[in-house]
Amino acid sequence: MKSLGNLWLQMPPYVHSTAITLLLTVVLILSVAYLTLWERKVIGWMQMRIGPNRVRIFGFLPGMGQPFADVIKLLIKEIVIPARANKILFRLAPAITLIPAFAAWAVVPIAPGYAIANVDAGLLYVLSLTSMGVYGVILAGWASNSKYAFLGAMRSAAQMVAYEIAMGFALVGVLMAAGSLNLGTIVAQQHGGPLAWNWFWLLPLLVVYFISGVAETNRAPFDVAEGESEIVAGFHVEYSGMAFALFFLAEYANMILIAGLTAVFFFGGWLSPLDGFPWWLGGTSLLAIAGTHWLLVKMFVLLFLFLWFRATFPRYRYDQIMRLGWKFLIPATLVWIGVEALLSWYQVGPWKH
């Protein structure tokens with residue numbers, strides 16, 4: 001083990017980043033697969049019914065083989081391309097929707113002092129990539145040459161643009177609090193325990209950001225893009241097989257990304273909730289050590305909220321969704337940015353130094 005460790009340290013940086021990227025990609029793919037199973041089990045538990053419990057892994061762990069069974073089923077299904085569709089864009093749209101959800105993790109600090117790419121303009125990088133998803137949605141609807149798909153794409157694109165603006169304004173508040181576009185610096189700036197995290201001083205922006213994230217991923221109660229009673233199945237109605245599955249892979253990958261970014265921006269990322277506490281409250285214990293495990297715990301809780309919302313709230317009407325985005329969330333972020341300016345001027349909270 002010692003020789004392997006020395007060999008790893010002697011390798012050039014690009015080998016380290018490539019290995020970590022491959023590992024992170026595999027972990028994300030498995031997380032997406034099991035997030036679908038977790039969702040079905042959680043909703044079944046909330047609705048007092050049994051979720052998937054038949055497919056096993058080598059005869060053990062009932063239900064844990066369900067994601068693999070779903071993947072195999074979709075892989076063997078035929079991918080049907082409409083005769084008059086734009087075949088190049090039709091095939092390209094699922095990739096444009098999925099790739100940004102994985103690429104954004106390049107600048108996310110997954111461990112203390114470590115990110116695959118420690119970019120000073122990481123916040124701008126994240127904003128630019130998360131905005132790319134709307135192009136995949138529009139291309140999927142337009143390239144299908146179907147009026148139903150095109151109508152679903154326009155509805156979904158209008159919704160994503162509205163909430164993207166609110167999300168961007170919320171991150172302006174995070175930038176003002178941290179004084180940096182580097183995500184690692186944003187996390188480090190929140191040291192000192194839960195009351196020093198950004199959620200305390202930026203609570204309205206946290207609410208706006210998380211609601212916008214739910215709407216951006218087209219999750220319930222904002223899933224009008226696939227409202228079966230209104231527009232069949234939305235922008236992906238003409239897709240089948242694995243091409244159809246890529247859109248849902250992108251949806252769940254984006255859920256994990258939004259949960260991770262929410263933890264980084266507002267809940268201290270990999271920082272421990274016992275950081276800064278006195279020793280008799282556990283401030284010097286192993287639990288006070290910062291690490292990736294704390295980021296995973298926070299993401300777990302935030303992902304549970306996504307599932308909880310789906311099992312709880314009915315689907316909003318389209319006019320209600322647009323009214324919430326344009327008339328409430330965007331003005332709320334602008335007001336709180338003004339409040340932040342006052343806090344900064346009087347050196348209160350994160351600005352006291």
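**Exercise 1. Describe the lining of the second largest pocket by residue class, and then say where this pocket lies.**

Step 1. By class, the lining of the second largest pocket holds 18 nonpolar, two polar and no charged residues, where Ala, Val, Leu, Ile, Met, Phe, Trp, Tyr, Cys and Pro count as nonpolar, Asp, Glu, Lys and Arg as charged, and the others, Gly among them, as polar. The model is predicted, so that local features need pLDDT of at least 70 and side-chain atom pairs count only at pLDDT 80 or more, while totals for chains, interfaces and linings use all residues. Residues are numbered from 1 along each chain as its sequence is written, and side-chain values use heavy atoms, with hydrogens and water left out.

Step 2. A pocket is an open set of points on a 1 Å grid over the protein atoms alone, where a 1.4 Å probe fits, with protein on both sides within 12 Å along at least five of seven lines, and its lining residues have an atom within 4 Å of a point. The space in the second largest pocket is about 480 Å³, a volume being the space filled by probe spheres set on the points, which are joined across faces, edges and corners.

Step 3. Of the 20 residues that line this second largest pocket, Val 27, Leu 28, Ser 31, Leu 296 and Met 299 are the closest to its centre. Two or more lining residues come from each of α2 and α13 (292-312), and α2 gives the most, with nine residues; helices here are DSSP runs (H or I, at least four residues), numbered from the N terminus.

**Exercise 2. Identify the largest nonpolar core and follow the contacts of Trp 105.**

Step 1. A nonpolar core is a set of buried Ala, Val, Leu, Ile, Met, Phe, Trp, Tyr and Cys residues joined through side-chain atoms within 4.5 Å, with buried meaning under 20% relative accessible area (1.4 Å probe, protein chains only). The largest such core has 67 residues, and Trp 105, Leu 183 and Ile 256 are among those with the most contacts inside it. The largest share of this core, 13 residues, comes from α12.

Step 2. Leaving aside neighbours within four places in sequence, Trp 105 is in contact (heavy atoms within 4.5 Å) with residues including Leu 28, Ile 256 and Met 299.

Definitions and conventions
Buried < 20%, exposed > 50% of the residue type's maximum accessible area, 1.4 Å probe, protein only.
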